[in-house]
Amino acid sequence: INPGNPYVEEDLAIAARTDGMPPDRTYVFFATGFVPHMVDIPIALPYPGGIATAAFPTLVPDRGAAMPPISIDANGRTYPVEMLADMDAIVGTDFNAELPLIITRHTVSALVKNGVGVGAAATANNVGGTEGAFIQLAAIAYQIWQNKADIRSWQTLPGRFMYASFDTPADGVITLTLQTGDTRSVEVSPEGVSIVLVRAYRPNQPVAISAFRVPTGTVSDEPAAAEIASGP
């Protein structure tokens with residue numbers, strides 16, 4: 001997704017080693033903003049039998065600001081987070097790839113549903129009176145309800161993922177510096193692989209920080225792993 005990320009290149013070099021267990025290392029993932037969301041736009045489609053109304057989805061970017069990147073102090077150095085995945089680009093690419101199929105599906109669906117409405121209107125004219133009026137109202141309500149675009153999406157997903165990775169400091173403490181200048185000390189395991197997740201929603205809003213150690217079991221650890229798996 002972002003091959004120019006220097007941390008990715010370093011981690012790939014570490015992964016290519018065949019000298020045993022991975023080094024004691026810490027990964028800080030920073031997620032901010034929100035992904036684009038979809039809204040529907042009604043469009044009139046003329047066809048030989050009349051005009052059908054269809055709703056097509058369109059992608060709208062998050063209008064709120066994302067939080068500026070953070071940096072991490074560890075081992076006497078400062079590690080700025082680098083872009084790992086721009087969800088605006090990823091979601092947009094996926095949406096555009098499916099757009100021709102979406103347009104075709106919604107167009108055909110609108111024409112079919114409009115045909116149902118036309119048939120209902122013809123029936124209503126033949127029936128007449130109060131019953132015919134109810135049939136016409138039901139047909140209109142059916143078309144309005146059915147001609148909606150599928151705009152379901154994961155609106156709470158972060159819009160950007162960034163990260164930094166480095167050797168875990170011997171004292172097991174790293175310091176996060178936010179865009180406001182505030183600092184947060186986070187304890188990580190001095191041994192093994194530690195993950196720190198930083199979820200920032202908007203600038204000048206509280207951030208959620210969590211940290212945990214990733215098990216790196218060996219063959220001798222299998223009984224312990226089995227015991228953990230069978231627990232509650």
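Here's a quick tour of this protein chain, from the overall picture down to a few single residues. It's a predicted model, so local features need pLDDT of at least 70 and side-chain atom pairs count only at pLDDT 80 or more, while totals for chains, interfaces and linings use all residues. Residues are numbered from 1 along each chain as its sequence is written, and side-chain values use heavy atoms, with hydrogens and water left out.

**The big picture**

- The protein chain has 4 helices and 11 strands; helices (H or I, at least four residues) and strands (E, at least two) are DSSP runs, numbered from the N terminus.
- Of the 232 residues in the chain, 32% are buried (buried means under 20% relative accessible area, exposed over 50%, and partly exposed in between, with a 1.4 Å probe and protein chains only).
- Take the contacts (heavy atoms within 4.5 Å) between residues at least 6 apart in sequence: 69% of them join residues at least 24 apart.
- The accessible surface is about 13900 Å², and carbon and sulfur atoms account for 61% of that (the areas come from the Shrake-Rupley method with a 1.4 Å probe; for residues, only the protein chains shown count as cover).

**The sheet and a helix across it**

- In general, strands of a sheet pair through backbone hydrogen bonds, either parallel or antiparallel.
- Here, 5 strands make an open sheet with mixed pairing, in the order 6-7-1-10-11 (two strands pair if DSSP finds at least two bridges between them).
- Strand 6 (82-86) and strand 11 (207-214) are the edge strands, each pairing on one side only.
- From one strand to the next, the twist averages 20 degrees (axes are lines fitted to C-alpha atoms, for helices over the stretch in contact, and angles run from 0 to 180 degrees between N-to-C directions).
- Strand 1 (residues 25-32) pairs with strand 10 (residues 193-200) in the parallel sense, over 8 bridges; Arg 25 has Val 193 of strand 10 as its bridge partner.
- Helix 1 (residues 6-15) lies across strand 1, strand 6 and strand 7 (160-167), and runs at about 50 degrees to strand 7.

**A hairpin**

- Strand 8 and strand 9 (residues 183-187) pair in the antiparallel sense over 5 bridges, and Leu 176 has Arg 184 in strand 9 as its bridge partner.
- These two strands form a hairpin with 5 residues between them, and Gly 181 in the turn has a positive phi of about 95 degrees.

**The nonpolar core**

- The largest nonpolar core has 26 residues, and Val 28, Phe 30, Ile 70, Ile 72 and Ile 174 have the most contacts inside it (such a core is a set of buried Ala, Val, Leu, Ile, Met, Phe, Trp, Tyr and Cys residues joined through side-chain atoms within 4.5 Å).
- Strand 10 supplies the largest share of this core, 5 residues.

- Ser 71 is found in strand 4 and is buried, because its relative accessible area is 17%.
- Arg 213 is found in strand 11 and counts as partly exposed, because its relative accessibility is 43%.
- The side chain of Arg 213 makes a polar contact with the side chain of Ser 189 (3.5 Å) (that's a pair of N or O atoms within 3.5 Å; within protein, one must be able to donate a hydrogen and the other to accept it, and residues adjacent in sequence count only if both atoms are side-chain atoms).
- A polar atom of the Arg 213 side chain also lies 2.9 Å from the backbone oxygen of Glu 191.
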